Amino acid sequence: MRPEVAVRERAELGEGPTWDTAAGRLIWVDILSSRVHTFDPATGRRTVLDTGQHVGAAKPRTGGGLVVNLRDGVALYGADGAFSWLAHDPVPGRRGNDAAVAPDGALWIGTMRYDDAEGGGTLSRVAPDGTVTRTLVMSCSNGTGWSPDGSLMYHVDTPTRRIDVFDFDGELPYHRREFATIEEGAGFPDGLAVDAAGCVWVALWDGSALRRYTPDGALDRTVPLPVRRPTSCAFGGRELRDLYISTARAGLDAPHPLAGSLLVLPDAGQGLPQPAFPG
């Protein structure tokens, strides 16, 4: 499996690729440039939205538009581009990070401190009406995903080097335990995607690779990448068989020429349809 270039870009901190099934496009963000990108692989059409503040994630809404995890909270863009706050919660020194839509339609959002302070981040559930339920305190909340049947929830707190798994009751997680640990020297787990076989793909920040773990937590595939800092991955394309990979160049003195670009592994496996946010 060899990665190809889907979008050549110089994103500082590319993150959070998400396939928008209704629009047939990939959505991803450049956190530090405060931009939401879209890419239609069938036509090559691209768009860029400036959010005005750091944006950790952007997901499609059922009626069109986007829900975004910003520095100061969760906001909505309508199909016409109109902006409104869903859950406005500014905290000095903190910003939104990765996010995911659960099988029940709730948005799970992560936060982190700009100074990377231990215990300075959170993982919270945001209902479509804007009700926020904070579930975990951590350092850097990252990749979140669910098993094909929705009974398990996976999550990464990057500095711990662990991917954790929870039982999921349809609304909230419980019974947290270790799913897999990235050994020292192999990078740090960042964003993840779960495929139709229940395997977990994870991007390794400073590890120049993607890994796939089987449902029982066994490592069964490593895909080397040309860039040092892959950040996340998501299945997309017409049949959800192409694995898109976001990358970063932030903090690197001599980044690879493709650092910050959107990469793709064609025909990497079978992805799962991701729900849109109904709020």
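Predicted model: local features only at pLDDT ≥ 70, side-chain atom pairs only at ≥ 80, totals over all residues.
**Notebook: salt bridges, cores, rings and a sheet**

I started at Asp-206, which comes out partly exposed, with a relative accessible area of 26%.

**Around Asp-206.** I looked up who meets this side chain. Arg-228 forms a salt bridge with Asp-206, and the closest N and O atoms are 2.9 Å apart. The two sit in distant parts of the chain, 22 residues apart: Asp-206 is in the loop between E19 and strand E20 (209–213), while Arg-228 is in the loop between strand E21 (219–224) and E22. Arg-228 is partly exposed at 43% relative accessibility.

Then I checked Arg-229. Its side chain also meets Asp-206 in a salt bridge, at 2.7 Å from N to O. Here the pair spans 23 residues, from the E19–E20 loop with Asp-206 to the E21–E22 loop with Arg-229. Buried or exposed, this Arg-229? I get 11% relative accessibility for Arg-229, and the cut-off for buried is under 20%, so Arg-229 counts as buried.

**Other salt bridges.** I find 17 in the structure. One of them joins the side chains of Arg-241 and Asp-267, 2.6 Å from N to O. This pair too links distant parts of the chain, 26 residues apart, with Arg-241 in the loop between E22 and E23 and Asp-267 in the segment after E24. I noted Arg-241 as partly exposed, at 29% relative accessibility. I also found a network: Arg-162, Asp-164, Arg-176 and Glu-178 are joined by salt bridges that share partners.

**Cores.** The largest nonpolar core holds 16 residues, and Trp-201, Leu-210, Cys-233, Leu-243, Ile-245 and Leu-265 have the most contacts inside it.

Setting aside neighbours within four places in sequence, I see Cys-233 in contact with Pro-17, Leu-192, Ala-193, Trp-201, Leu-210, Leu-243, Tyr-244 and Ile-245. There is also a second, separate core of 15 residues, with Phe-179, Ala-180, Ala-186 and Val-194 among them.

**Rings.** My search of the whole structure turns up seven aromatic pairs. Phe-83 and Trp-85 make one of them, edge-to-face, with 5.4 Å centre to centre and 85° between the planes.

Trp-146 and Phe-168 form another edge-to-face pair, 5.8 Å centre to centre, with 70° between the planes. Trp-146 is in strand E14 (residues 141–146) and Phe-168 in strand E16 (residues 162–168), so this pair ties together parts 22 residues apart in sequence. I have Trp-146 down as buried, at 7% relative accessibility, and Phe-168 is buried with 7% as well.

Back at Phe-83, I noted a cluster: ring pairs link Tyr-77, Phe-83 and Trp-85.

**A four-stranded sheet.** Last, I traced an open sheet with the order E10-E11-E12-E13 and antiparallel pairing. Which strands are at its edges? They are E10 (94–101) and E13 (132–138), each pairing on one side only. On average, neighbouring strands of the sheet are turned by 25° against each other, direction ignored. Inside the sheet I looked at E11 (residues 107–113) and E12 (residues 121–126), which pair in the antiparallel sense over four bridges. Opposite Ile-109 I find Ser-124 in E12.

Note on methods:
Residues numbered from 1 in each chain as written. Heavy atoms only, no water. Pairing = 2+ DSSP bridges. Axes fitted to C-alpha atoms, helices over the stretch in contact; angles between N-to-C directions. Core = buried A, V, L, I, M, F, W, Y, C linked by side-chain atoms within 4.5 Å. Buried < 20%, exposed > 50% of the residue type's maximum accessible area, 1.4 Å probe, protein only. Contact = heavy atoms within 4.5 Å. Salt bridge = Lys/Arg side-chain N within 4 Å of Asp/Glu carboxyl O. Phe/Tyr/Trp six-rings, centres within 6.5 Å; stacked < 30°, edge-to-face > 60°.
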